[in-house]
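Here are some notes on this entry, to be read with the model open. They cover a helix pair, a sheet and a further helix.

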Amino acid sequence: MNELEIRPQKLFNEYLEISRKDVERFFSKKELFVEVSCPACKSNRTQFAFEKYTFSYRICEECLTLFVSPRPTEEMIEDFYRESASSRFWAERFFPETAEARRLKIFRPRAILVSELVSRFRVPEPISLVDVGAGFGIFLEEIKRTGYFSEVLAIEPSIDLAKCCRSKGFRVIEKSVENIEDNELQVSVACSFEVLEHLFDPERFIKSMKRLLKTGGLIIFTTLTISGLDLLVLWEHSKSISPPHHINFLSVEGLRRLIDRCGLEEVEISTPGQLDVDILCNTMREMPDLKVPRFIDYIVKNRGPETFNQLQAFLQANNLSSHARVIARKVILEL
Ligand SMILES: [Zn+2]
């Protein structure tokens, strides 16, 4: 897989441009923003990192997580996702134009992988799975194809996306996971892909997912992590560090602390990302004046695919890619 297959440059830049205009419309009332402690470890020992599109990013001195603070309130974030031009562009243009590439390159392999992980790490039977933030339901379609799960369903608060999942025959709970009542749903596996980086309160989200699990059940989620090559090198120039969408970049260490604080048992934290080196090469091509460490500059400009592939494999093996995957288990019976 390469970056341009799933985020074509022109389309992606158009999306980022619309997002920048949305910032003025939805987030001009900075006096309403709230200061938060580190979303991973709760430390208040933080340092200003940089400002981007009027949002301040801070770095946690304890766990090195990068996050926006002060940040917009939950209501402001909800309004933005419901009504902004960039959300509409993502749903009506960006996603449909890349949907089939994403199905083949991301969702199908992910579904196969999730069924393998579930089989390897054992979960309570009959095996049910919920996708939190199911979007267009493509992952659910692919997970259903594996034939491994007795029930698959969606949690999707957006009216249009919920309708889309329902039209594909899936049961949908049309609210945010934080608002699901106790005992409304009990599943063996709760998944969430690329959601955590968007949220006002990641801890509450993970705890809400935990409530959906039977004892012994698994949470599997992916997110962007600041511990990876392209984000650490590109820093504020990274297109992935784009407020208001991405406001949490938990470090690998921070993810571990978050899981622990939520009372979950860590099964595996890994960074299976495939795109760091490719994103680095593309960004350096697009921004030739960008200053990067001499070593990186040398590799990108003088070496070829074989070195790039080996470097990416090294990042995966050492938890140094910017795309993280967390698998955690609910082990203790709650009274
Ligand atoms: Zn921290």
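1. Start with the helix pair. H2 and H4 are roughly antiparallel to each other, because the angle between them is about 170° and anything over 145 degrees counts as such. H2 spans residues 9-26 and H4 spans residues 85-121. Their axes lie 9 Å apart. Bear in mind that this is a predicted model.

2. Which residues make the contact of H2 and H4? From H2 come Leu-11, Tyr-15, Ile-18, Ser-19, Lys-21 and Asp-22. H4 supplies Ala-85, Ser-86, Phe-89, Trp-90, Phe-94 and Glu-97. By class, this contact has 7 nonpolar, 2 polar and 3 charged residues.

3. Next, the sheet. It is open and has 4 strands, in the order S1-S2-S3-S9. The pairing is antiparallel. S1 (46-52) and S9 (248-249) stand at the edges. Each has a single partner strand, so one side of each is left without a neighbour in the sheet.

4. Take S1 and S2 together. They pair in the antiparallel sense over 6 bridges. Phe-48 stands opposite Arg-58 in S2. The two strands form a hairpin with 2 residues between them. Check Tyr-53 in this hairpin: its phi is positive, near 45°.

5. S2 also pairs with S3, again in the antiparallel sense, over 3 bridges. Ile-59 has Leu-66 in S3 as its bridge partner. This hairpin has 5 residues between the strands. In its turn, Leu-64 has a positive phi of about 70°.

6. What stands opposite Leu-66 in S9? The residue is Phe-249. Leu-66 is also the bridge partner of Ile-59. S3 (residues 66-68) and S9 pair in the antiparallel sense over 2 bridges.

7. Now helix H9, residues 252-261. Its buried residues are Val-252, Gly-254, Leu-255, Arg-257, Leu-258 and Ile-259. Note that a charged residue, Arg-257, is among them.

8. Where do the buried residues of H9 pack? They pack against strand S2 (55-60), helix H7 (202-211), strand S10 (265-270) and strand S11 (323-329).

9. Finally, look just past H9. The helix is followed by Gly-263, whose phi is positive, near 75°. Positive phi values also occur at Tyr-53 in the hairpin of S1 and S2 and at Leu-64 in the turn between S2 and S3.

Methods
Residues numbered from 1 in each chain as written. Predicted model: local features only at pLDDT ≥ 70, side-chain atom pairs only at ≥ 80, totals over all residues. Axes fitted to C-alpha atoms, helices over the stretch in contact; angles between N-to-C directions. Parallel < 35°, antiparallel > 145°, perpendicular 65-115°, else oblique. Contact = placed C-beta atoms within 7 Å. Buried ≥ 20, exposed ≤ 12 C-beta atoms within 10 Å, placed from the backbone. Pairing = 2+ DSSP bridges.
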